[in-house]
Amino acid sequence: MWFLILLLILAVIGLIYFISWFVKYRKSGKCPLCALEKMGAPTKLTINTDEVEDYDSGAALTPPMGWSSWNTFKQNISEELILSTAAAMRLSGLTDAGYQYINIDDCWHSSFRDESGRLQGDLGKFPSGISSVIEKINHMGMKVGLYSSNGTLTCEDLPASLGNEAVDAQTIAEWGCEFFKYDFCHNKKISGDAPVIEGIELNRPGKAVEYTLRPEDASFTGRAQIVNIKRLPSGKAIGLLNHNAGTATFRPVVELSGKYVLTLLIYKSLNLHHEQYLQIIVNGEIHEVFAQKTKGFNPTGRLQLIVDLQAGENEIVLQNPVRTLADSSYTQYSRMAREIKKATKAVSEKTGNPEKPIIFSICEWGTSLPYKWGAKAGNMWRTTHDIMPFWKSIYLIYKHNIKLYKYSKPGAWNDPDMLEVGNGKLTEDENRAHFSLWCMMAAPLVLGNDIRNFVNEDGTAIENHPVLNIVTNRDLIAIDQDPLGKAAKRVKNVSGIDILARPLANGDTALCFFNTSSKAKGLSFDLNELAEDDYLGFRAQSSYSVHELWSNERFSASILSASMPKHGVKVYRISK
C-alpha cells in the first residue's frame with residue numbers, strides 16, 4: 001500500500017515538474033512539442049534533403065579498393081611501416097588488381113596541433129611529415145587516405161575535427177590526401193534548441209550598423225512565429241525555431257556587395273543551461289552558430305559572423321533543422337563534406353593543377369541509419385559497428401548489410417567495414433566467403449591484413465599465397481567493380497543456403513550460393529527463378545553459359561547443383 005502511495009506521489013511530482021517545464025519553455029519563446037517529438041524516432045532523419053544534391057566528389061564511381069592500417073596495426077604505425085606496406089602493395093601485384101589506396105587510420109597524428117592550429121603527423125613516428133609520406137606513395141603510383149573524427153577527440157583520444165572542419169579539410173587537401181575516413185568517436189550531438197532572435201544587424205567591417213532587421217520584417221514557415229518576450233527592450237522576438245519547427249526568412253536590400261558583419265541579437269534566458277544551435281543560410285551558403293549557456297543578466301546577447309552579401313536583394317534564412325540524432329549526424333557529416341569540396345577546389349585554383357577529389361568515408365557505425373542519407377553527405381557510409389577477425393562478426397555484418405542493397409549506387413556505397421581476410425583464425429573457406437560476400441554486396445574492398453607477408457625478401461610476390469590468391473581474384477573483383485553499381489539482393493534461402501544475385505552492366509548476372517550453416521550442404525537451383533525478381537532484370541531461357549569464379553569451371557546449364565562446406569560459397573557469372 002505504502003509503495004503504491006509513494007509511486008503516486010512521485011508521479012504527481014513528475015507531472016508538476018513536466019507542466020512547469022512546458023510552461024517555462026513556451027514562455028521563453030520555444031516550441032515544447034517540437035522538443036518532445038525528438039524522442040519518438042531518434043534514428044529518423046527529419047531534415048528535408050529532397051533538393052540537396054549528392055556529395056558526388058567525382059571519385060568512387062566503383063567501390064574504393066585499398067588497404068587500411070587499423071585492423072592489424074592499430075596504434076603501432078610509423079612512416080617506415082606505411083611506406084613498406086605501400087611498396088608491398090605494388091610488388092605483390094595488388095595495385096595491378098585494382099587496389100590503390102593506402103589508408104592511414106587513427107594515431108597518425110601528434111597530440112597537439114602546430115602553431116597555425118593545423119593537424120600534424122606524430123613527431124616521432126612520422127619524422128618526414130605526412131605531406132612527404134603522401135608524396136612518396138604518390139610516386140609509387142598509389143593514393144593516400146587519412147583519418148579523423150567528428151567529435152572532440154578521435155577514438156584514440158587524439159585531436160579531432162569538431163570546430164576545425166575548415167582548417168582540417170584545407171590541410172589534408174594541401175597535403176594531397178585522396179581518401180578521408182571520418183569517425184564518430186567523442187561525438188558531441190548538436191542541440192535541437194535554437195536561440196530566440198530579437199533581430200539582425202548588418203554592417204560592413206569598420207562601419208557602424210547600416211541595416212537593422214526586426215521580427216516583423218521576416219516571413220515564416222512551420223511553427224516559427226513572432227513571440228512576446230517582456231524582458232526584451234522591443235518586447236518581440238522570433239521564436240519556435242527549435243527542433244526543426246520552422247524557419248524565418250529576411251530579404252534585405254543592400255547598396256553595395258561585399259563582406260558584411262551579421263550580428264544576431266539573441267534573447268538570453270535566465271533559465272538557459274545548455275548550448276543552442278542556429279543555421280544562418282545567406283544566399284544559399286550555410287553558416288552555423290553555437291550560442292553558449294548564459295549567465296549574464298542583460299536580456300540581449302550578440303553573436304557575430306562575416307557573410308557575403310550582393311548588391312540588391314539578399315536572402316537570409318534562420319533555422320535549426322536538428323530534431324533527432326540522425327539530424328545531428330547528417331548535419332555534422334554534411335559540414336565536413338562541404339569543407340572538403342571547398343578545400344579541393346581552393347587547392348586546385350591556387351596551384352593551377354587539376355582538382356584532386358577526396359573520397360569521403362562516413363564512419364558513423366550505422367547508428368542513425370546513414371544509408372538513408374549518406375549519399376547526400378559522402379561517398380560511402382559504415383552500416384555497422386567495427387568488424388572483428390572472427391566468423392560471427394563477419395556473418396552478423398553480412399546479415400545486416402545484405403538488406404540494404406537498394407541504397408548502393410555509383411559514387412555512393414554501403415560500407416560493411418574493412419576486410420578481415422587473412423586475419424584471425426578464419427579458415428580458407430571463410431576467407432573466400434568473406435571476400436565473395438563483400439564483392440557481391442558492392443562493398444569497398446579495403447584490406448586489413450599485413451600485406452608485407454605477400455612479398456619475398458627479394459621483392460617478388462610469393463607464388464600461390466592462399467590469402468593473396470583470394471584478394472586478387474580478378475573475376476570476383478570485376479563483380480565488385482561492376483560499373484552498374486547495383487548491389488546483390490538475397491533472393492532466396494534454401495535450408496540454410498542464402499542465394500544472392502546482382503545484375504551486371506553487360507547484361508550478365510552474378511549469383512552466389514552461401515552456406516550459412518556450420519555443416520556441409522548442397523542444393524539445386526533453377527536459374528529461371530531469377531526471372532521472378534524485377535530487381536535483376538533477368539530473362540528466362542532454356543540454357544545459360546555459366547562460369548564458377550573460384551574453380552574457374554565453365555559449362556552450360558539451366559539448373560545449378562552445388563555443394564559447399566560449412567561457411568563456404570560458390571560464385572557464378574551467368575551469361576546468356
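Predicted model: local features only at pLDDT ≥ 70, side-chain atom pairs only at ≥ 80, totals over all residues.
Colleague: What share of the residues counts as buried?

Modeller: Of the 576 residues in the protein chain, 54% are buried. Sequence separation is worth a look too: among contacts between residues at least 6 apart in sequence, 71% join residues at least 24 apart.

Colleague: Let's turn to helix packing. Which values describe two packed helices?

Modeller: The general idea is that a packed pair is described by the angle between the two axes and the distance between them. Here, take helix H4, residues 79–91, and helix H6, residues 130–139: their axes are 10 Å apart and the angle is about 15 degrees. Angles under 35 degrees count as roughly parallel, and H4 and H6 are therefore roughly parallel to each other.

Colleague: Is their crossing left-handed or right-handed?

Modeller: The crossing of H4 and H6 is right-handed.

Colleague: Which residues of H4 and H6 meet?

Modeller: H4 brings Glu-79, Ile-82, Leu-83 and Ala-86, and H6 brings Val-133, Lys-136 and Ile-137. By class, this contact has 5 nonpolar residues, 2 charged ones and no polar ones.

Colleague: What does Lys-136 form with Glu-79?

Modeller: Lys-136 and Glu-79 form a salt bridge, and their closest N and O atoms are 3.7 Å apart. Lys-136 is in helix H6 and Glu-79 in helix H4, so this pair ties together parts that are 57 residues apart in sequence. Now compare accessibility against the cut-off for burial, which is under 20% relative accessible area. Glu-79 has 8% and is therefore buried, while Lys-136, at 35%, counts as partly exposed.

Colleague: How many salt bridges does the structure hold?

Modeller: There are 25 salt bridges. One of them joins Glu-285 to Lys-342, with the closest N and O atoms 3.7 Å apart. This pair links distant parts of the chain, as Glu-285 is in strand E14 (residues 285–291) and Lys-342 is in helix H8, 57 residues apart. Both ends can be read by accessibility: Glu-285 is partly exposed at 33%, and Lys-342 is partly exposed at 42%.

Colleague: And Asp-508 with Arg-573: are these residues buried or exposed?

Modeller: Asp-508 is buried, and Arg-573 is buried as well. They form a salt bridge whose closest N and O atoms are 2.9 Å apart. Asp-508 sits in the loop between strands E23 (497–503) and E24 (509–515), and Arg-573 in strand E29 (residues 569–575), so the pair ties together parts 65 residues apart in sequence.

Colleague: Which residues are linked in a network of salt bridges?

Modeller: Asp-54, Lys-376 and Lys-409 are linked in such a network.

Colleague: Back to burial in a helix. Which residues of H7 are buried?

Modeller: Helix H7 covers residues 165–175, and its buried residues are Glu-165, Asp-168, Ala-169, Thr-171, Ile-172, Ala-173 and Trp-175. The next step is to look for what covers them, which includes H6, strand E3 (143–149), strand E4 (179–183) and helix H8 (325–351). Just after H7, Gly-176 takes a positive phi of about 95 degrees.

Methods: Residues numbered from 1 in each chain as written. Heavy atoms only, no water. Axes fitted to C-alpha atoms, helices over the stretch in contact; angles between N-to-C directions. Helix = DSSP H or I, 4+ residues; strand = E, 2+ residues; numbered from the N terminus. Parallel < 35°, antiparallel > 145°, perpendicular 65-115°, else oblique. Left-handed = near helix turned anticlockwise from the far one by under 90°. Contact = heavy atoms within 4.5 Å. Nonpolar A, V, L, I, M, F, W, Y, C, P; charged D, E, K, R; others polar. Buried < 20%, exposed > 50% of the residue type's maximum accessible area, 1.4 Å probe, protein only. Salt bridge = Lys/Arg side-chain N within 4 Å of Asp/Glu carboxyl O.
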